[in-house]
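Trainee: I would like to learn how to read a model like this one, feature by feature. Please start with the general idea each time and then turn to the case at hand.

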Amino acid sequence: MDPTTILLVDDHAMMRQGLVSLLGTCPEFKVIGDVGDGESALDAALRLRPDVIIMDLMMPEMSGAQTTQRLLASWTEAQVLILTTFGTADDLAHALSVGARGAILKSADWNEFHQAITAVAAGGHYISPEIEQIISENPPLPRLSPRQLEILKLMAKGLMNEDIAQILKISLPMVKEHVKALLHKLDAANRTEAVAIALRKYLIES
(Lines give C-alpha, C1' and ligand atoms only; values in the text may rest on other atoms or scores of the structure.)
Protein backbone atom coordinates (compact mmCIF):
# COMPACT_ATOMS: atom_id res chain seq x y z
CA MET A 1 0.00 0.00 0.00
CA ASP A 2 1.43 3.38 -0.99
CA PRO A 3 2.10 5.85 1.84
CA THR A 4 -0.09 8.92 2.32
CA THR A 5 1.72 11.85 0.70
CA ILE A 6 1.82 15.08 2.68
CA LEU A 7 2.59 18.73 2.01
CA LEU A 8 3.51 20.81 5.08
CA VAL A 9 2.65 24.50 5.18
CA ASP A 10 3.96 26.54 8.13
CA ASP A 11 5.73 29.86 8.30
CA HIS A 12 8.12 28.59 11.02
CA ALA A 13 10.99 26.59 9.51
CA MET A 14 11.76 24.80 12.78
CA MET A 15 8.15 23.63 13.04
CA ARG A 16 8.30 22.23 9.51
CA GLN A 17 11.61 20.50 10.22
CA GLY A 18 10.18 18.96 13.37
CA LEU A 19 7.12 17.69 11.54
CA VAL A 20 9.24 16.27 8.72
CA SER A 21 11.28 14.34 11.28
CA LEU A 22 8.22 13.17 13.19
CA LEU A 23 6.30 12.02 10.12
CA GLY A 24 9.43 10.39 8.77
CA THR A 25 9.26 7.85 11.60
CA CYS A 26 5.97 6.50 10.24
CA PRO A 27 6.13 4.43 7.02
CA GLU A 28 2.45 5.17 6.37
CA PHE A 29 3.25 8.81 5.66
CA LYS A 30 5.58 10.48 3.19
CA VAL A 31 6.32 14.22 3.25
CA ILE A 32 6.79 15.30 -0.36
CA GLY A 33 7.14 19.03 0.24
CA ASP A 34 7.25 21.77 2.85
CA VAL A 35 6.73 25.50 2.31
CA GLY A 36 6.47 28.58 4.49
CA ASP A 37 3.69 30.74 3.05
CA GLY A 38 0.33 30.65 1.35
CA GLU A 39 1.45 31.53 -2.17
CA SER A 40 4.12 28.82 -2.11
CA ALA A 41 1.53 26.41 -0.73
CA LEU A 42 -0.79 27.02 -3.68
CA ASP A 43 2.01 26.40 -6.16
CA ALA A 44 3.32 23.29 -4.39
CA ALA A 45 -0.12 21.76 -3.80
CA LEU A 46 -1.20 22.11 -7.42
CA ARG A 47 2.15 20.84 -8.67
CA LEU A 48 2.63 17.91 -6.24
CA ARG A 49 -1.02 16.94 -5.63
CA PRO A 50 -0.43 15.48 -2.13
CA ASP A 51 -3.01 13.33 -0.40
CA VAL A 52 -3.10 15.73 2.57
CA ILE A 53 -2.02 19.35 3.04
CA ILE A 54 -1.22 20.13 6.67
CA MET A 55 -1.86 23.86 6.87
CA ASP A 56 -0.86 26.33 9.57
CA LEU A 57 -3.82 28.56 10.43
CA MET A 58 -2.04 31.77 11.42
CA MET A 59 0.37 32.89 8.71
CA PRO A 60 1.28 36.43 7.60
CA GLU A 61 0.01 37.88 4.32
CA MET A 62 -2.30 34.92 3.58
CA SER A 63 -3.84 32.92 6.41
CA GLY A 64 -4.40 29.19 6.34
CA ALA A 65 -8.12 29.77 5.80
CA GLN A 66 -7.51 32.12 2.88
CA THR A 67 -4.98 29.72 1.35
CA THR A 68 -7.41 26.83 1.73
CA GLN A 69 -10.19 28.79 0.06
CA ARG A 70 -8.01 29.73 -2.92
CA LEU A 71 -6.64 26.21 -3.22
CA LEU A 72 -10.07 24.58 -3.27
CA ALA A 73 -11.21 27.03 -5.94
CA SER A 74 -8.54 25.51 -8.22
CA TRP A 75 -8.45 21.96 -6.90
CA THR A 76 -11.71 20.84 -5.32
CA GLU A 77 -10.30 17.45 -4.26
CA ALA A 78 -7.62 18.98 -1.99
CA GLN A 79 -7.72 17.57 1.54
CA VAL A 80 -6.62 20.18 4.07
CA LEU A 81 -5.91 19.60 7.75
CA ILE A 82 -5.54 22.80 9.77
CA LEU A 83 -2.82 22.76 12.42
CA THR A 84 -2.65 25.62 14.90
CA THR A 85 -1.14 26.70 18.19
CA PHE A 86 -4.01 29.07 18.79
CA GLY A 87 -6.83 30.64 16.89
CA THR A 88 -10.07 32.41 17.54
CA ALA A 89 -13.37 30.69 16.96
CA ASP A 90 -13.88 32.97 13.96
CA ASP A 91 -10.55 31.95 12.39
CA LEU A 92 -11.20 28.26 12.95
CA ALA A 93 -14.82 28.38 11.81
CA HIS A 94 -13.75 30.30 8.72
CA ALA A 95 -11.16 27.66 7.79
CA LEU A 96 -13.69 24.86 8.17
CA SER A 97 -16.44 26.75 6.38
CA VAL A 98 -14.29 27.26 3.27
CA GLY A 99 -13.49 23.55 3.02
CA ALA A 100 -10.77 22.39 5.42
CA ARG A 101 -11.45 18.76 6.33
CA GLY A 102 -10.11 18.95 9.85
CA ALA A 103 -8.39 21.00 12.53
CA ILE A 104 -6.13 20.05 15.43
CA LEU A 105 -3.85 21.84 17.85
CA LYS A 106 -0.07 21.69 17.52
CA SER A 107 -0.05 20.39 21.09
CA ALA A 108 -1.90 17.22 19.99
CA ASP A 109 -0.20 13.92 20.81
CA TRP A 110 1.04 11.54 18.12
CA ASN A 111 -2.02 9.28 18.27
CA GLU A 112 -4.40 12.17 17.58
CA PHE A 113 -2.12 13.57 14.87
CA HIS A 114 -2.01 10.15 13.18
CA GLN A 115 -5.78 9.77 13.49
CA ALA A 116 -6.44 13.20 12.01
CA ILE A 117 -4.16 12.69 8.99
CA THR A 118 -5.61 9.24 8.31
CA ALA A 119 -9.19 10.52 8.51
CA VAL A 120 -8.57 13.48 6.20
CA ALA A 121 -6.60 11.35 3.70
CA ALA A 122 -9.60 9.03 3.47
CA GLY A 123 -11.88 11.95 2.64
CA GLY A 124 -13.32 12.19 6.13
CA HIS A 125 -13.22 14.86 8.80
CA TYR A 126 -11.40 15.25 12.08
CA ILE A 127 -11.81 18.14 14.51
CA SER A 128 -10.11 17.92 17.87
CA PRO A 129 -12.36 18.15 20.95
CA GLU A 130 -10.53 21.33 22.06
CA ILE A 131 -11.30 23.07 18.78
CA GLU A 132 -14.91 21.86 18.80
CA GLN A 133 -15.23 23.44 22.25
CA ILE A 134 -13.71 26.75 21.09
CA ILE A 135 -16.18 26.95 18.21
CA SER A 136 -19.19 25.79 20.25
CA GLU A 137 -18.55 28.47 22.87
CA ASN A 138 -18.63 31.10 20.12
CA PRO A 139 -21.46 30.03 17.79
CA PRO A 140 -21.63 31.49 14.28
CA LEU A 141 -23.84 34.43 13.51
CA PRO A 142 -27.30 34.01 11.97
CA ARG A 143 -27.29 33.82 8.18
CA LEU A 144 -27.89 37.07 6.32
CA SER A 145 -30.02 37.31 3.21
CA PRO A 146 -28.38 38.24 -0.11
CA ARG A 147 -30.00 41.70 0.11
CA GLN A 148 -28.72 42.21 3.65
CA LEU A 149 -25.22 41.28 2.54
CA GLU A 150 -25.45 43.77 -0.33
CA ILE A 151 -26.46 46.52 2.07
CA LEU A 152 -23.76 45.54 4.56
CA LYS A 153 -21.07 45.78 1.87
CA LEU A 154 -22.32 49.24 0.89
CA MET A 155 -22.37 50.28 4.55
CA ALA A 156 -18.75 49.16 4.79
CA LYS A 157 -17.94 51.62 1.99
CA GLY A 158 -19.36 54.43 4.13
CA LEU A 159 -22.57 54.91 2.12
CA MET A 160 -25.64 56.24 3.88
CA ASN A 161 -29.18 54.92 3.54
CA GLU A 162 -30.15 57.40 0.81
CA ASP A 163 -27.16 56.36 -1.34
CA ILE A 164 -27.85 52.67 -0.77
CA ALA A 165 -31.50 53.08 -1.77
CA GLN A 166 -30.46 54.79 -4.99
CA ILE A 167 -27.80 52.19 -5.88
CA LEU A 168 -30.04 49.19 -5.16
CA LYS A 169 -33.13 50.90 -6.58
CA ILE A 170 -35.24 50.18 -3.51
CA SER A 171 -37.16 52.55 -1.24
CA LEU A 172 -35.52 54.37 1.63
CA PRO A 173 -37.91 52.81 4.21
CA MET A 174 -36.93 49.38 2.89
CA VAL A 175 -33.24 50.17 3.37
CA LYS A 176 -33.94 51.34 6.91
CA GLU A 177 -35.77 48.09 7.68
CA HIS A 178 -32.85 46.03 6.36
CA VAL A 179 -30.34 48.07 8.39
CA LYS A 180 -32.47 47.62 11.51
CA ALA A 181 -32.55 43.84 10.89
CA LEU A 182 -28.79 43.78 10.35
CA LEU A 183 -28.10 45.54 13.64
CA HIS A 184 -30.35 43.06 15.41
CA LYS A 185 -28.82 39.97 13.78
CA LEU A 186 -25.27 41.15 14.43
CA ASP A 187 -26.12 42.38 17.94
CA ALA A 188 -24.55 45.70 17.00
CA ALA A 189 -25.30 49.08 18.55
CA ASN A 190 -24.73 51.04 15.36
CA ARG A 191 -23.63 50.83 11.72
CA THR A 192 -19.93 51.14 12.50
CA GLU A 193 -20.06 48.27 14.97
CA ALA A 194 -22.08 46.17 12.52
CA VAL A 195 -19.43 46.60 9.82
CA ALA A 196 -16.63 45.82 12.29
CA ILE A 197 -18.37 42.61 13.39
CA ALA A 198 -19.03 41.58 9.78
CA LEU A 199 -15.36 42.04 8.88
CA ARG A 200 -14.20 40.12 11.94
CA LYS A 201 -16.65 37.30 11.24
CA TYR A 202 -15.65 37.14 7.54
CA LEU A 203 -19.18 37.99 6.40
CA ILE A 204 -17.64 40.61 4.10
CA GLU A 205 -14.11 41.39 2.99
CA SER A 206 -12.24 44.62 3.62
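Trainee: Is strand β3 enclosed by the rest of the structure or open, and why?

Mentor: This is a predicted model, and burial is read from relative accessible area, with under 20% counting as buried. Five of the five residues of β3 are buried, so the strand is largely enclosed by the rest of the structure. Both of its faces are covered. V52, I54 and D56 lie on one side, and I53 and M55 on the other.

Trainee: Which residues does D56 touch?

Mentor: Leaving out residues up to four places away in sequence, D56 touches V9, D10, D11, G64, L83, T84 and K106. With K106 there is a polar contact between the side chains, at 3.4 Å.

Trainee: What about β1, and which of its residues lie on each side?

Mentor: Six of the six residues of β1 are buried, so β1 too is largely enclosed by the rest of the structure. T4, I6 and L8 are on one side, and T5, L7 and V9 are on the other.

Trainee: How are the strands put together into a sheet?

Mentor: Strands of a sheet pair through backbone hydrogen bonds, in either a parallel or an antiparallel sense. Here six strands form an open sheet in the order β2-β1-β3-β4-β5-β6, and the pairing is parallel. The edge strands are β2, residues 29-35, and β6, residues 126-127, each of which pairs on one side only.

Trainee: How many bridges join β1 to β2, and how many join β1 to β3?

Mentor: Six bridges join β1 to β2, and the bridge partner of T5 in β2 is K30. Between β1 and β3 there are four bridges, with I6 opposite V52 of β3.

Trainee: Which residues of helix α2 are buried?

Mentor: In α2, which spans residues 38-48, the buried residues are G38, A41, L42, A44 and A45. They pack against β1, β2, β3 and α3.

Trainee: What is found at the ends of α2?

Mentor: D37 caps the N-terminal end, with a side-chain oxygen 3.2 Å from the backbone nitrogen of E39. Just after the helix, R49 takes a positive phi of about 50°.

Trainee: How do I describe two helices that pack together?

Mentor: Two packed helices are described by the angle between their axes and by the distance between the axes. Helix α4, residues 89-97, and helix α6, residues 129-136, pack at about 110°, with axes 9 Å apart. The two are therefore roughly perpendicular to each other. A89, L92, A93 and L96 of α4 make the contact with I131, I134 and I135 of α6. By class, that contact has seven nonpolar residues, no polar and no charged ones.

Trainee: At what angle do α7 and α9 pack?

Mentor: Helix α7, residues 146-156, and helix α9, residues 172-186, pack at about 90°, and their axes are 10 Å apart. They are therefore roughly perpendicular to each other. From α7, R147, Q148, I151, L152 and M155 meet H178, V179, A181, L182, K185 and L186 of α9. The residues of this contact divide into seven nonpolar, two polar and two charged.

Key: Residues are numbered from 1 along each chain as its sequence is written. This is a predicted model: local features need pLDDT of at least 70, side-chain atom pairs count only at pLDDT 80 or more; totals for chains, interfaces and linings use all residues. Side-chain values use heavy atoms; hydrogens and water are left out. Two strands pair if DSSP finds at least two bridges between them. Buried means under 20% relative accessible area, exposed over 50%, partly exposed in between (1.4 Å probe, protein chains only). Contact means heavy atoms within 4.5 Å. A polar contact is a pair of N or O atoms within 3.5 Å; within protein, one must be able to donate a hydrogen and the other to accept it, and residues adjacent in sequence count only if both atoms are side-chain atoms. Axes are lines fitted to C-alpha atoms, for helices over the stretch in contact, and angles run from 0 to 180 degrees between N-to-C directions. Angles under 35 degrees count as roughly parallel, over 145 as roughly antiparallel, 65 to 115 as roughly perpendicular and the rest as oblique. Ala, Val, Leu, Ile, Met, Phe, Trp, Tyr, Cys and Pro count as nonpolar, Asp, Glu, Lys and Arg as charged, and the others, Gly among them, as polar.
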